Amino acid sequence: QVQFVESGGGLVQAGGSLRLSCAASGFTFAINAIGWYRQAPGQQRELVARISVAGNTRYADSAKGRFTISRDNAKSTVYLQMDSLKPEDTAVYYCNRDVNGTPGYTTNWGQGTQVTVSS
């Protein structure tokens with residue numbers, strides 16, 4: 001069964017940093033692109049960053065220059081280093097298999113990890 005377990009969120013002041021982790025299981029992690037998504041209250045879930053099988057990365061404009069996505073295929077884990085955090089980054093963050101910018105397992109979301117940035 002496909003499963004994602006996100007961790008690393010918390011409460012941080014604006015300008016601070018957090019490192020999120022997501023452990024995946026139930027599918028062949030190494031041959032899939034993976035994305036970090038976030039959902040703020042009252043808003044739709046959006047793609048923040050993705051990393052391809054080859055390690056190529058792509059970011060939403062709001063994340064460029066501040067967030068860094070990476071992956072460890074041996075651990076089936078993807079990370080999101082978030083620096084220079086802003087209050088508008090406040091959201092629940094999720095990871096999922098990514099298929100051209102859309103989540104590949106829409107019925108297998110994890111519990112997410114809450115990120116709250118205070119001003």
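Me: Between which strands is the loop that holds asparagine 100?
Reply: This is a predicted model, in which local features need pLDDT of at least 70, side-chain atom pairs count only at pLDDT 80 or more, and totals for chains, interfaces and linings use all residues. Residues are numbered from 1 along each chain as its sequence is written, and side-chain values use heavy atoms, with hydrogens and water left out. Strands are DSSP runs of E with at least two residues, numbered from the N terminus. Asparagine 100 is in the loop between strand S9 (91-99) and strand S10 (102-103).

Me: Is asparagine 100 buried or exposed?
Reply: Buried means under 20% relative accessible area, exposed over 50%, and partly exposed in between (1.4 Å probe, protein chains only). Asparagine 100 has a relative accessible area of 71%, so this residue is exposed.

Me: What phi does serine 76 have?
Reply: Serine 76 lies in the loop between strand S7 (67-72) and strand S8 (77-82). Although serine 76 is not a glycine, its phi is positive, at about 50°.

Me: What is the bridge partner of glutamine 3 in S3?
Reply: S1 and S3 run antiparallel and are joined by five bridges. In S3, glutamine 3 has as its bridge partner serine 25.

Conventions: Helix = DSSP H or I, 4+ residues; strand = E, 2+ residues; numbered from the N terminus. Pairing = 2+ DSSP bridges.
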